[in-house]
Amino acid sequence: MEARELITEKLNDSQLRKNLDFAMSLLQTNRKKLLKDRYGDWEALREEGRKVKQNTLSRLPELLERFEENAKKNGIQVHWASDAKDANDIIYNLAKKNNVTKILKGKSMASEEIHFNAYLKKKGIQAIETDLGEIIIQLIDEPPVHIVVPAIHKNRYEIGEIFEKHLKVERFSEPKDLNAVARTHLRKEFQEFKMGLSGVNFAIANEGAIWLLENEGNGRMSTTVPDIHIAICGIEKIVESFDDAVILDTLLIPSATGQSITCYNNIITSPRKDGDLDGPKEVHVILLDHHRSDILSHKHYSKALSCIRCGTCMNHCPVYEKVGGHAYGATYPGPIGEVISPQIFGIDRYGYILNLCSLCGRCSEVCPVKIPLAEMIRDLRSEKAGQGSGEEILGISRIKPKMAEKLGFKIFAFLASTPWAWKSMLWGVKVFGPIGKPLAPLLPMIKQWTSCRAYPTLDASFQSQKLEGVIYE
Amino acid sequence: MKVYFFGTCLGNMAYSKALVSSIKLLQHYGAQVIYKKDQSCCGQPSFNSGYYEETRKVALANINLFDQPYPIVIPSGSCAGMMIHDYLELFKDTPHFERVQEFSSRVYDLSDFLLNHLNANLCDTGEKTTVTWHSNCHALRVSKCVEASKTLIRMLENVNLVELEREEECCGFGGTFSIKEPEISKTMVEKKIQDILSRNVEYIISGDGGCLLNISGAMKKMGCDVKPAHLYEFLAQRIGLE
């Protein structure tokens, strides 16, 4: 479906709008209340978080190597994947080697980014989601609508219907009953698994350990029950020390869900050791680049790699709230998605999502690690217009210049910097403004404007007034 | 005190009365207003679309025009934000930077200037009324002058200011955004209006022409009876300057 049609469809879906409105308000309110009640100096903490990420990114190659070295010492196997295909192949080969036909999955956006489920399906291997939100959308074959809360666009009645239809159970609508359905369904799935896959929230270089956050405990199932645990880790998830990870964790959770801590914190330092009663026999970490090092090499856009995937920019974006994540047609939607999706998948393919922003700046205001998201969205627009930093952006050479838009702004700049031309234009507005109403349907810009607004009063009379006491120069 | 007055492009096209009120307020509180007849626009339309070269051309025209060391006062937090903050970004690492910096340091939003530099003390002469306020995003987050605007409204004895539930949420104007993404913009302004209508007020006040044009235009089309008012027109009227 064309991007435009998709947006229209989402805007016309009144149930979706209602669900998103309710959910985003709740997430905003929870965060605001928690910060007010529990965090004495949130702004200072944000600054700390920004520094931690900037410091880490400035030494990323060194820290990645330190992570690899320490993880290996702990018995964790480390793999490097430069792109989606690499990462998928590594996992597929591990599955084939171990005769695995089903993989248990914890929530992971990196796995969405590499289209892991679809890749495995083609190879005859099934991926079973364990995150409640992911199960819901997997049952109806939809991608996540949000990076933290993947099924936030569905209300409990709709979830009851989905479970009834796909899991052949009674129709429920109470959260506790829905949870029970999911639990029964999953416990059955958990039993015969040999291989589990997860994401990573923080990979700690000094310890060679990975830290996973979750609220359900199901993610832990995919990291401890199977014999083999594979974690996909975007290279920007590296931090130097536990201290750094703690700062970021303290910023992440309130931002994401308005909690001060998640119900489960899984810190994995090694596979099962002699004498351990449980845990996987093998732990693999895949360090995924997928154009992240290209982003890192940009002087300007490298800040985008500071993202800790809390999703609060989405929760606060007035456009995201109206259209939902699917309207962006990209793995990463919302403000951070507008910044990274074009850079990971190509600005020629995803450049259009840069229009889905009124530049209100609320995302920059709430970002826990102070990524200037709105400013970057605007700067990426300038890359599209051929006036950016001059640094290479993936797919930029395949963008066709918009001649009409370019000409439009050239005319604007001429008018606004040439006094006689500007005055003539104002004179034109004064004369034709009031009689422009019947012409409105013929002029595309005015037609768009008046599609939901009354025709404005354009009198432009100020310039011809002489006010007492004013010095006119 | 001599001040330059920058009326903004939208002010000149659609809010003549608010510009007259703004000048009267400045004069009433002791400023001598200079109006440069060659003024135009701050350059936001091209800037927000990423056309930085064109924007620099417009910015330099303004910097050359307002060349004396007087404060430049603007009845729009959004345009003030552009000239105070975004001009610096635009000219970073260019030979013009120091000049731009000097220029930007003289730019003020009118609310901020009235309150903090002219120490305006508003004496309300109007009937009792209830109003609500919409914050322009750039006034709130770039020039950070919203508190000054609201302080001025709160000074009016007979005006009861009721805050919106989602005061800090964009109304969907966003300049070229409203033309490029009309459907999303429409949904956003409808949401804003829903919030306004739920407050049971007589007026919806905003300090920025763009938001006001958007909100009032949509309210008119929907047939709502809350009256839209530009902040400075409202303030001048309340203290009997009209």
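# A salt-bridge network and the chains around it

A:D21, A:E321, A:K322, A:R362, B:R166, B:E169 and B:K191 are linked in a network of salt bridges. A salt bridge here is a side-chain nitrogen of Lys or Arg within 4 Å of a carboxyl oxygen of Asp or Glu. The model is predicted: local features need pLDDT of at least 70, side-chain atom pairs count only at pLDDT 80 or more, and totals for chains, interfaces and linings use all residues. Residues are numbered from 1 along each chain as its sequence is written, chains are lettered from A and ligands numbered from 1 in the order in which they are written, and side-chain values use heavy atoms, with hydrogens and water left out.

The side chains of A:E321 and B:R166 meet at 2.7 Å, N to O. A:E321 sits in helix α15 (residues 318-323) of chain A, and B:R166 in the loop between β6 (159-163) and α10 (177-180) of chain B, so this pair joins two chains. Helices (H or I, at least four residues) and strands (E, at least two) are DSSP runs, numbered from the N terminus. A:K322 pairs with B:E169, with the closest N and O atoms 3.5 Å apart. A:K322 is in helix α15 of chain A and B:E169 in the loop between β6 and α10 of chain B, so this pair also joins two chains.

How covered are these residues? Buried means under 20% relative accessible area, exposed over 50%, and partly exposed in between (1.4 Å probe, protein chains only). A:E321 is buried at 3%. B:R166 is buried at 15%. A:K322 is buried at 2%, and B:E169 is buried at 4%.

Over all chains, the structure holds 47 salt bridges. One of them joins A:D177 and A:K176, at 3.6 Å, N to O. Here A:D177 is partly exposed at 22%, while A:K176 is exposed at 65%.

Now take chain A as a whole. It has 22 helices and 11 strands. Its C-alpha atoms fill a box of roughly 90 × 55 × 50 Å, taken along the principal axes. Of its 473 residues, 56% are buried. Contact means heavy atoms within 4.5 Å. Among contacts in chain A with a separation of 6 or more, 72% are between residues 24 or more positions apart.

Next comes the interior. In soluble globular proteins, nonpolar side chains tend to be buried together. A nonpolar core is a set of buried Ala, Val, Leu, Ile, Met, Phe, Trp, Tyr and Cys residues joined through side-chain atoms within 4.5 Å. The largest such core has 95 residues. Those with the most contacts inside it are A:F67, A:I210, A:V319, A:Y320 and B:I184. Leaving aside neighbours within four places in sequence, A:F67 is in contact with residues including A:V78, A:A203, A:I238, A:V285 and A:L287. A second, separate core has 45 residues, among them B:L19, B:L118, B:A139 and B:F234.

Two helices of chain B lead back to chain A.

Helix α12 (residues 209-222) of chain B is mostly covered, with 11 of its 14 residues buried. The buried residues of α12(B) pack against α22 (444-450) of chain A and, in chain B, against elements including α11 (182-197) and β8 (227-230). Just after α12(B), B:G223 takes a positive phi of about 75°.

Positive phi also turns up in chain A. A:H291 has a positive phi of about 70° although it is not a glycine. A:H291 lies in the loop between β10 (282-288) and α13 (292-297), and is partly exposed at 24%. A:L359, also not a glycine, has a positive phi near 55°. A:L359 is in the loop between α17 (347-350) and α18 (362-366) of chain A, and is buried at 6%.
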